[in-house]
Amino acid sequence: MIDGYGTIPFSAIASKWAKKYDAKSIQQCLTHIQESCKSQGVFSSNRPTVMKYPMCEHHFYESLQGGLSDLTLNATERCNLRCKYCTYSGAYYYERHHSTEDMSWETAKKAIDYFYSHTQSSEKVYMSFFGGEPLLNFDLVKRSVEYARGFANWPPIVFHLDTNGTTLSDETSGFLIENDVILQVSIDGPFEIHDRYRVFGNGGGTFHLVHKNLERIRKMDRDYYESRVSFAATLAPPCELLETYRFFSSDDLVAKNNLNINFVDTYDTDFFRMLHDRVRRSRLSEHLGALRKEYLEVTVGSNSGPAHQFLKGLFERPLVRIHRRALNPMGAHCPPNGICVPGVRRLFVDVAGRFYPCEKVGQAFCIGHVDTGIEHPKVRSLLEQYIRGSTQDCTSCWAVRLCSLCLAQARRSRDLDFGRKKDNCSVERANLHDSLVLYAEIMERNPKAFDFVEDMVFE
């Protein structure tokens, strides 16, 4: 009856369903819909007319002055691997290539000093190390952690490092364990999948070395391994999801650890042209359907336990966003969906000391330098440019409250490209539609399925 509500008279709806339902049931249903519209704003036709960042000028300034929360140091542009899908492999038109450049200690120290002096209103801060392969500049990582630990009156600090896992030695592993560094290791699945793309310069696979190094860390400190080591899997054609899922859910070294899943970036690249026909033929849709069904059954089941991290990585993030959606009536203003204040949530520093909003935008949108700090006018200008280019589409979009798109999805080379953003908007809406359907299916069968979200900490 919802389909007819608001488009045809109540009497027409009643006539349409009279053969299937009795008059009393039809009236109760229509009354319920009508009362829901009045009390909860269901089916409201209100649309925002203006997009603006939900932060006044004073708050904006204060956030940049004292609310920074995550410093990411690009410790080196060197890498000992030549992963075929890597952003820096040369297969992506507008990205930098692997180089021999390292971040100097002088640059790192200036970045840390600036970060420290601009975090005083933050409750917790993070320092991350990125590459290349950051452990190739281990001395910088070590000095940075030790230097940061020497500051007084700093909020609790958490260290994080991304690694390909091949350079983990007794020395580096011991240091990471001693300093409780959160370690994210790239591993794409079983060796036949992992070694298809994650290779050394000579083409040799890396799986067995990574596996060996993980075993070493677990042997050195099992508690650290279980609580601080996580994995990042990049799904690339032919995207053998079922095999990858079996690996992550059964291999003893990875089955219980957190997992972050990404797909290969499809824009501005020759990577997909280099694939031969057998690899191009993907059963991605079929495999996603099978895993979606399994996630559904696990989530609604009462005795099956929580879904595995791989299933969560594929399906759960948008479901949590839906569950946490705002339920108040839509006003005249809406925020620019997934955008943060560039530099506040994450400040990325390249090897030369230039500041960027995060590592996802590459070397686009420079907002400052270690010698001059964050340039507030550049941050404000970037936000305003994004809002101007997005307002018309976003204010008329049904997904405006659930959208996660940000600067990274509107970037082409070093500029904003709103044609690119429109393409990503279509993908985002399609994915959100599928997630809404899945969410409804789960909640119909298990209304308590997402109660765990109430206990989650969002930072």
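Helix axes are lines fitted to C-alpha atoms over the stretch in contact, and angles run from 0 to 180 degrees between N-to-C directions. Helices are DSSP runs (H or I, at least four residues), numbered from the N terminus. The model is predicted: local features need pLDDT of at least 70, side-chain atom pairs count only at pLDDT 80 or more, and totals for chains, interfaces and linings use all residues. Residues are numbered from 1 along each chain as its sequence is written, and side-chain values use heavy atoms, with hydrogens and water left out.

Helix H3 (residues 57-66) packs with helix H14 (residues 376-395) at an angle of about 125 degrees, and their axes are 11 Å apart. H3 is therefore oblique to H14; angles under 35 degrees count as roughly parallel, over 145 as roughly antiparallel, 65 to 115 as roughly perpendicular and the rest as oblique. In this pair, Glu57, Phe60, Tyr61, Leu64 and Gln65 of H3 meet His376, Val379, Arg380 and Leu383 of H14, where contact means heavy atoms within 4.5 Å. The contact of H3 with H14 comprises 5 nonpolar, 2 polar and 2 charged residues (Ala, Val, Leu, Ile, Met, Phe, Trp, Tyr, Cys and Pro count as nonpolar, Asp, Glu, Lys and Arg as charged, and the others, Gly among them, as polar).

For helix H5 (residues 138-149) and helix H6 (residues 170-178), the axes come within 12 Å and cross at roughly 20 degrees. H5 is therefore roughly parallel to H6. Phe138, Lys142, Val145 and Glu146 of H5 meet Glu171, Thr172 and Phe175 of H6. By class, the residues of this contact are 3 nonpolar, 1 polar and 3 charged.

How values were computed. Helix = DSSP H or I, 4+ residues; strand = E, 2+ residues; numbered from the N terminus.
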